[in-house]
Amino acid sequence: DHRLTDNRRGAAGRRGGGGTRACHTVARSTMTTASAAARLAFHVLAGVVTLYFAMWDESLREADGSVLRNRKRFGGRFQYLTVINHSVHVAYMFLAAFGDVKRLLPLNAPQRVSAAHGLLVRSLDTMFVLSSTFSVTIGILFWSIFAFDRELILPAAADKVYPAALNVYQHGAIAIVALVEALVVEHHPSRPAYVDVTVVLGSAVAYSIWAYLLACPVLGSGVYPYGIQREMTLLYAAVFYVVSFSLLYGVYAAFRALLRARWGERARRTAAAAAAAAGVATRGKRVASTHTANASVAVGADDMQHYVLTTEGHPLPIDVARFAVYF
């Protein structure tokens, strides 16, 4: 019977297709494991180095061993945007390392996309955007003001208690770490640019309010964190904040463009593969329903879900269409 022959051929083709998909799955799994291990090594190394400098900053003391005078004021170390950014950077590196460990666990099946995983992805996105954007912006502003008049940002007297190596790391090298992260670790934005811009500029506004609260005699210590803030008139302050916020936005836009140039093509290929896999799965299930009810196991929705929900095995809390649009 020719129908029986066709059914056998169809079953053999589906078995062959299943074998091909299995080989591709093994290859993807191997690449995912290797890339996750490399990301883990980078994040642990960068996290340890960044934490070392953060602990060094915490340990700074006056010549007589007492706490630094400027840190006895209300707000302590966290009067300074540099220290806040440094702390966010440390937290990001170790949270990213946790995410890398999670990817390496055998139970991290693509189908198990939970609310907790979505929260982890969004938290990492937010922290990376903040740490990278502020690290570069702080470096540009600090060294520009330092070159103009260092007394406005880091008085020469501070050299006695603030080591040059720590200064260079907090106001320069940490930005290089963020840049290396963008180039070697795959990043795909999980939300539109206007959301990130709102988060970045909102954080800048929040710190500006915090600085003014510190300078309020009633609520704070009555002293601005930075010397330049004490010297500016209202007009100069307005100009300074406009320039600073514009620079902050420009740095964010540059980082997003860098991510698009570095990883955008890969994102488009992943989205195209997802769409193709979804089409193959749909056609396969239609053929399977015509020939035999058991053939759906060979085609299944699992392969489609693997392509749609993952890129290199990393579950994403977004659909393919939005994933493609962001790039």
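Helix 3 contributes the most residues to the lining of the largest pocket, 6 in number. Helices here are DSSP runs of H or I with at least four residues, numbered from the N terminus. The model is predicted, so local features need pLDDT of at least 70 and side-chain atom pairs pLDDT 80 or more, whereas totals for chains, interfaces and linings use all residues. Residues are numbered from 1 along each chain as its sequence is written, and side-chain values use heavy atoms, without hydrogens and water.

The volume of the largest pocket is about 1200 Å³. Its lining has 48 residues, and those closest to the centre are Tyr80, Ile153, Leu154, Pro225 and Tyr226. Two or more lining residues come from each of helix 2 (81-104), helix 3 (115-149), helix 4 (164-184), helix 5 (193-214), helix 6 (227-231) and helix 7 (234-291).

On a 1 Å grid over the protein atoms alone, a pocket is an open set of points with protein on both sides within 12 Å along at least five of seven lines; a cavity is a set where a 1.4 Å probe fits but cannot get out, and lining residues have an atom within 4 Å of a point. Points are joined across faces, edges and corners, and a volume is the space filled by probe spheres set on them.

The structure holds 4 cavities of 30 Å³ or more. The second largest cavity has 15 lining residues, with Phe128, Val129, Pro189, Asp196 and Leu259 closest to its centre. Helix 3 and helix 7 each give two or more residues to this lining, and helix 3 gives the most, with 5 residues.

Buried residues (under 20% relative accessible area, 1.4 Å probe, protein chains only) in helix 4 include Gln170, His171, Ile174 and Glu181.

Val185 lies in the loop between helix 4 and helix 5. Val185 counts as buried because its relative accessibility is 4%. Beyond its neighbours within four places in sequence, Val185 contacts (heavy atoms within 4.5 Å) Arg39, Phe42, His43, Val180 and Trp263.

Technical notes:
Buried means under 20% relative accessible area, exposed over 50%, partly exposed in between (1.4 Å probe, protein chains only).
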